[in-house]
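Please look through the sequence and the model first, and then follow the points below topic by topic.

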Amino acid sequence: MRTPFAAAAVLALVSIFSHARPAQGQDVLRAVRAARDAAPAGAWREGQVIVAFRPATEARDVDRALGLAGTREERRSRSAPRYLVSVEPGTSVPEAVLRLARMPEVAYAEPNGLVRQTQGTTFRPDDHFYRYQWNFTQVNAERTWGIQKGKASVAVAVLDSGVAYEDYTDPKTRQVFLKAPDWGDTKFLPGWDFVNGDAHPNDDEYHGTHVASTIAEATNNGTGMAGLAFGCSIMPLKVLDQHGEGTFFDVAEGIDYATEYTEGGTHPVKVINLSLGSEGVSQTVKAAVDRAIAAGVVIVAAAGNTGKNVVEFPANLPNVLAVGATDERKERAFYSNTGADLDFVAPGGNCDRDDDADGVSDCVFQQMPDPDFIVQGRHDQFCYCGLDGTSMATPHVAAAAALLFSQGFTDGAAVRAALEQTAERLGGAPANGRNDTYGFGLIQPASALPGLGLDVGPKP
């Protein structure tokens, strides 16, 4: 993260807030009933049945059968003794199918089922301020949501300043924390506050809530903004204090907590988001990262905001996905670190520009505690505020990884490979390669979700 967007511009978005038993053909009719009961609503063209008669059935027998079944001929096949028939008023499609199927001259009868084009679908949410989320347009979110919106059984652990996920009054400090308004039915797993040593990892800054909202803010609820993997769960883990600072020890503790956590005998945390970094290195953090990777967790971390040709720790670890930032132009944000350890870029924004000319600066906007009230010691007021930085880019990649797990990927290495192979190459990077400015390129989760022959679902 860089600094919050200028207060005047921030405030501009605040508040823009379901009989007859046949005598024969039992097996056929059982199959018909099973098909009828299993067919989803709207799976056939209303009022239409396909009926195929046995060879050499005479026309008068066809007419008699259709009449007895409560149907009438609509169209005869040009190539077979097959008819498309209309159901008379008072007779349902399943009833007509059953009546026809029990007749000896009928080979089979079935509803006139529907087919649809296999062109990819899209999903556009109705969130009021979604129009400002240029960042989701950049990663083709609407096509992504047409494929996968996320599953609550897949969780992303957000190691940050905490998340405004509950209404809570601290018994020691008497500080009042409120749940951010646009979480809807987002599921939160029990987390931990490693800074204060309790089970209430609330956000006493704003950074962690903003990051978590990019991942799973309630979506299509007619208010606020959208989250990229809004069907997934969030585990809030507070490892940064009210000043946005933390320690290697607490980060390692958070990684281990997320990795070891079980729910119903399973490990729901599949992705860990680290929108943080250091110019130092730590064996303690590296060991925790290694344990998480060995357990199949994908770890995503920010590359850093100093504009240097070096990726910060722990993003620079070889088994961590290091994320740089793009602006609205799909160019490297000026602050975004580069280097040989960079894996991907994602929208991080530039609050100093308005390249889409929508009258609002090109920050990444999400819900978060209002900074103007934070400085007063209050944690009960919220805004849809803009931030920029590789911290903002990182949760886009974490969300994409969570969507792949939701889609059926079971192997973290396959998640990484799918993202690498489908990323949009930028800056002249070769089709199957990378460069130090953009890594493998801009993530495109809609392209990664089909799997492309990679690991999807349980192995045999």
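Helices (H or I, at least four residues) and strands (E, at least two) are taken here as DSSP runs, numbered from the N terminus. The model is a predicted one, in which local features need pLDDT of at least 70 and side-chain atom pairs count only at pLDDT 80 or more, while totals for chains, interfaces and linings use all residues. Residues are numbered from 1 along each chain as its sequence is written, and side-chain values use heavy atoms, with hydrogens and water left out.

**The chain as a whole**

- The protein chain contains 13 helices and 15 strands.
- Of its 460 residues, 54% count as buried, where buried means under 20% relative accessible area, exposed means over 50%, and partly exposed lies in between (1.4 Å probe, protein chains only).
- The accessible surface of the protein chain comes to about 19800 Å², and 50% of it belongs to carbon and sulfur atoms; such areas come from the Shrake-Rupley method with a 1.4 Å probe, and for residues only the protein chains shown count as cover.

**Nonpolar cores**

- A nonpolar core is a set of buried Ala, Val, Leu, Ile, Met, Phe, Trp, Tyr and Cys residues joined through side-chain atoms within 4.5 Å.
- The largest nonpolar core has 101 residues, of which W145, L159, I255, I272, I299, V397 and L419 touch the most other members.
- Helix α11 (residues 390-407) supplies the largest share of this core, namely eleven residues.
- Leaving aside residues up to four places away in sequence, I255 touches L159, I272, L274, V285, A288, V289, A292 and I299, contact being defined as heavy atoms within 4.5 Å.

- Helix α11 is mostly covered, since 17 of its 18 residues are buried.
- After α11 comes G408, whose phi is positive, near 125 degrees.
- Helix α7 (residues 207-216) is likewise mostly covered, with ten of its ten residues buried, among them H207, H210 and I215.

**The open four-stranded sheet**

- Four strands form an open sheet in the order β2-β3-β1-β4, with antiparallel pairing, two strands being paired if DSSP finds at least two bridges between them.
- The edge strands, each pairing on one side only, are β2 (71-76) and β4 (106-113).
- From one strand to the next the twist averages 35 degrees, with axes taken as lines fitted to C-alpha atoms, for helices over the stretch in contact, and angles running from 0 to 180 degrees between N-to-C directions.
- β2 and strand β3 (residues 82-87) pair in the antiparallel sense over five bridges, and R75 stands opposite L84 in β3.
- Helix α4 (residues 93-101) packs on this sheet, where it touches β1 (44-53), β2, β3 and β4, and its direction makes about 5 degrees with that of β1.
- L84 counts as buried because its relative accessibility is 11%.
- Not counting residues up to four places away in sequence, L84 touches Q48, V49, I50, E73, E74, R75 and N112.
- The C-alpha atoms of L84 and T71, which lie 13 residues apart along the chain, are separated by 9.8 Å.

**Parallel strands around β5 and β10**

- Strand β5 (residues 155-160) has six of its six residues buried, so it is largely enclosed by the rest of the structure.
- Both faces of β5 are covered, with A155, A157 and L159 buried on one side and V156, V158 and D160 buried on the other.
- β5 runs parallel to strand β9 (residues 233-238), to which six bridges join it, and D160 stands opposite K238 in β9.
- β5 also runs parallel to β10, with five bridges between them, and the bridge partner of A155 in β10 is V269.
- Strand β10 (residues 269-274) is largely enclosed by the rest of the structure, because five of its six residues are buried.
- Four bridges join β10 to strand β11 (residues 298-302) in a parallel arrangement, in which V271 stands opposite V298 in β11.
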